[in-house]
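The following exercises ask the reader to work through a protein model step by step. Please examine the sequence and the structure before turning to the solutions.

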Amino acid sequence: MIIPVILSGGAGTRLWPLSRELYPKQFLPLTGERSLLQQTIVRVHGLANVAPPLVVCNEEHRFLVAEQLREIGVTGAQILLEPVGRNTAPAVALAALRLQSAGDDPLLLVLPSDHVIVDTAAFRAAVTAGSAAAAGGALVTFGVLPTRPETGYGYIRAGDPVDAKGPARRVQAFVEKPDAARAAAYVASGDYLWNGGMFLFSASAYLAELERHAPAILAACRAACDGISADLDFVRVRREPFLDAPSDSIDYAVMEHTDRAVVVPLDAGWSDVGSWDALLEVQAADARGNVISGDVLAQDVDDSLIRAESRLVAALGIKNHIIVETADAVLVADRSRAQDVKRLVERLKAERRDEPLVHRQVFRPWGSYEGLVLTERFQVKRIVVKPGASLSLQMHHHRAEHWVVVKGTARVTCGAEVKLLAEDESTYIPIGTTHRLENPGRIPLEIIEVQSGSYLGEDDIVRFEDNYGRSGE
């Protein structure tokens, strides 16, 4: 049995402003209607003997993961929450320990959640080719056939074939990111593959090699899994023991040291989508080399990526540019500087701005809200509540709220009163009054909320009941 282990971490700095810390790139539909996370999960559906996935993510992203799994009809998945980020070696150790706890020893197909693979059939064929070696105790990685001398990736030097029947080869070495001349020599030799960070091995084989080469990681993860608990749809490990786990990747902790490493070549149109320039390369361009989406008017524009999310973007007489517009930020960059977007994000963080952290639209397990107007004494939000969902029973010390229903039906609790509001009807929630908003209908509920008071922060919430186990909104 193969169990996909999907690693859904990352801070989303290189694809800012579309990607944010609380809504990073794996949750975005960058190359189609589905998000990168959803594409990753759908990609494995055609494999033989594949079980529902286990997704490893952090606390802040848990409801996003659950919702995106629901949207594509995935049932039986596990969502394992990392207390803190400790890189890929501890994350996969938690997954392996969890999946072994039922007495099984499945093959783990470890995949980043934010990569693009164009040729799904070729990907599945590579996984199938590596399965026999993994079942025999090998630690299989998938080496991407290089299409150019790339200095931004690590490389894998492939050695002798494992057997005469398949494409798997022994790993001779993992190589750090090279300079341009060395990268060109690697590609010319035909013996080097890009390190795509994808793996296939049994849970027992990985844990055994981790114990040999990084015992402190395994010890911390075992302690964290002692007393593992289920919380709604989520699996939680103990926080304090996990804090002792050294932060390290699978490559550094295990693969560079083990004598059981095997590489299977992968030629499937792979990209880690590490920059806006990389995204341009994996999408179909028009006759002038442009990739354009949204409400864009382009004239005399060449070899550029232009993406409009909320309004018209007009571009005139430019070449080799990246332009990305969102409701609260616009990026304009030369394509040659696409990797430096993370430096802009670092500056924004240093200035304690909100734009690196969240979008103007914020997603919650019950739906979303979007800030429309913000002043010192009042703000206006558009709130969308999913059918059957409800916000917590709560109270505010410093603000009152006015709600106007613009679509759907609202069930409103205000103190001891419970009432239904139809479209174009409104209500008022005084300061200090216990209240709740629910959607009893079958279509999304949309309301306009006007908050007024001396303090309008999201932390002014006293929560009495919550369907999602939260202590803060």
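The exercises below concern a predicted model, and each is followed by a worked solution.

**Exercise 1. State whether Glu-438 is buried or exposed, and list its contacts.**

Step 1. Glu-438 belongs to strand S28, residues 435-438.

Step 2. The relative accessibility of Glu-438 is 18%. Buried means under 20%, and Glu-438 therefore counts as buried.

Step 3. With residues up to four places away in sequence not counted, Glu-438 touches Ala-389, Ser-390, Thr-409, Ala-410, Arg-411, Thr-413 and Leu-445.

Step 4. Leaving aside neighbours within four places in sequence, its contacts are Ile-383, Val-385, Ser-390, Leu-391, Trp-403, Ala-410, Arg-411, Val-412, Leu-445 and Ile-447.

**Exercise 2. Describe the sheet that contains S14, S16, S18 and S19, and explain why one side of S14 and of S19 is left without a neighbour in the sheet.**

Step 1. The sheet is open, has four strands in the order S14-S16-S18-S19, and shows mixed pairing.

Step 2. S14 and S19 (330-334) stand at the edges and have a single partner strand each, so one side of each lacks a neighbour in the sheet. From one strand to the next, the twist averages 5°.

Step 3. S14 (residues 291-293) pairs with S16 in the parallel sense over three bridges. Within this pairing, Ile-292 has Ile-306 as its bridge partner, and Ser-293 stands opposite Arg-307.

Step 4. S16 also pairs in the parallel sense with S18 (residues 321-325), over four bridges. Here the bridge partner of Ile-306 is Ile-323.

Step 5. Both faces of S16 (residues 305-308) are covered. Leu-305 and Arg-307 are buried on one side, and Ile-306 and Ala-308 are buried on the other.

**Exercise 3. Give the strand order of the open sheet of six strands, and identify which strands stand at its edges.**

Step 1. The order is S20-S21-S22-S29-S24-S27, with antiparallel pairing.

Step 2. S20 (361-364) and S27 (426-429) stand at the edges, each with a single partner strand, so one side of each has no neighbour in the sheet. The twist averages 20° from one strand to the next.

Step 3. S24 (residues 399-407) and S27 run antiparallel and are joined by four bridges. Trp-403 has Thr-427 in S27 as its bridge partner.

**Exercise 4. Classify the orientation of H6 and H7, and state which residues meet.**

Step 1. The axes of H6 (residues 203-213) and H7 (residues 215-225) come within 5 Å and cross at roughly 120°.

Step 2. Angles of 65 to 115 degrees count as roughly perpendicular, and those over 145 as roughly antiparallel. H6 and H7 are therefore oblique to each other.

Step 3. Leu-207, Leu-210, Glu-211, Arg-212 and His-213 of H6 meet Pro-215, Ile-217, Leu-218 and Arg-222 of H7. By class, this contact has five nonpolar, one polar and three charged residues.

Terms used. Residues are numbered from 1 along each chain as its sequence is written. This is a predicted model: local features need pLDDT of at least 70, side-chain atom pairs count only at pLDDT 80 or more; totals for chains, interfaces and linings use all residues. Side-chain values use heavy atoms; hydrogens and water are left out. Contact means heavy atoms within 4.5 Å. Helices (H or I, at least four residues) and strands (E, at least two) are DSSP runs, numbered from the N terminus. Buried means under 20% relative accessible area, exposed over 50%, partly exposed in between (1.4 Å probe, protein chains only). Two strands pair if DSSP finds at least two bridges between them. Axes are lines fitted to C-alpha atoms, for helices over the stretch in contact, and angles run from 0 to 180 degrees between N-to-C directions. Angles under 35 degrees count as roughly parallel, over 145 as roughly antiparallel, 65 to 115 as roughly perpendicular and the rest as oblique. Ala, Val, Leu, Ile, Met, Phe, Trp, Tyr, Cys and Pro count as nonpolar, Asp, Glu, Lys and Arg as charged, and the others, Gly among them, as polar.
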